[in-house]
Amino acid sequence: MQFACYHFGAAWAGLGEQYDVTLVGGPGLQLWLPFVLLVVLRRKPAVFSVHDVYPDVGVALGNFPPPAGNSGCGERGALLLSHSFVVRILSNSFRPGLRALGVPDAKMVLVYDWVDTELVHPMPRDNAFAREYNLADRFVVLYAGNLGLSQGLEHVLAAAEHLVDHPDVRFVFVGDGAGRERLKAEAEGRQLRNVQFLPFQSRDRLPEVLASAGVSLVILRRGIGRDSLPSKTFLSHGQRPAPDNQCR
């Protein structure tokens, strides 16, 4: 139902717009109707930004069991990609999966993600966010962002269990997502008093959130590192990204 509402809502909203080119991002399963109406039928060029290679990621997570996942999500994704003028990728490791969907190398353009360095900048660990949540005098292991199905965050709880008798170490999850309630229930079941769940913070507090950490976690489940790249893998000025498949 949620997908259907988005399909019709996005298509309807786009029909009233005047534009020369479209920027598209997301799995084809979620975008095919607005794409067909607003790109194919209107004959507008599209730049398709690939952040996760589908159906590969969905199959690896068990969300799209093969062969149904390959035939459904894969065919719709291939349709969108074939009608896109340029396919923007975040990592060269995306190329094999996209080639399998019929995308030629000449159409793929590698453009790394970036960070607003005026917003995200070094600051003291002892800041307003850390003091508000009683973190200023603790060593914080931080995961901030989507508490979803692809991160393998249950392994963080296992690490927290090994350090449960060290009150100076706190494992902090900031954010929300499909896996949040399951993680909270597991932490409560393990009686992890060193684990703390906090809601999403406003964008202007992001520097404080990141600065409060002694260690910041950027993780993915084993097996999807070639086809997915966490958006929280920030790059600062002048730095090259880590070698492909190493950001896990």
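I looked up D52 to begin with, and I noted that D52 counts as partly exposed because its relative accessibility is 29%, where buried means under 20% relative accessible area, exposed over 50% and partly exposed in between, with a 1.4 Å probe and protein chains only. The model is a predicted one, in which local features need pLDDT of at least 70, side-chain atom pairs count only at pLDDT 80 or more, and totals for chains, interfaces and linings use all residues. I kept in mind that residues are numbered from 1 along each chain as its sequence is written, and that side-chain values use heavy atoms, with hydrogens and water left out.

I then placed D52 in the loop between β2 (46-50) and α3 (56-61); helices (H or I, at least four residues) and strands (E, at least two) are DSSP runs, numbered from the N terminus. I found 7.7 Å between the C-alpha atoms of D52 and G26, which are 26 residues apart along the chain.

Next I turned to strand β6 (residues 169-176), which is mostly covered, with 7 of its 8 residues buried. I saw that β6 pairs with strand β5 (residues 139-146) in the parallel sense over 8 bridges, two strands counting as paired if DSSP finds at least two bridges between them. In this pairing I noted R170 of β6 as the bridge partner of V140.

I also saw β6 pair with strand β7 (residues 195-198) in the parallel sense over 4 bridges, and here Q196 in β7 is the bridge partner of V172.
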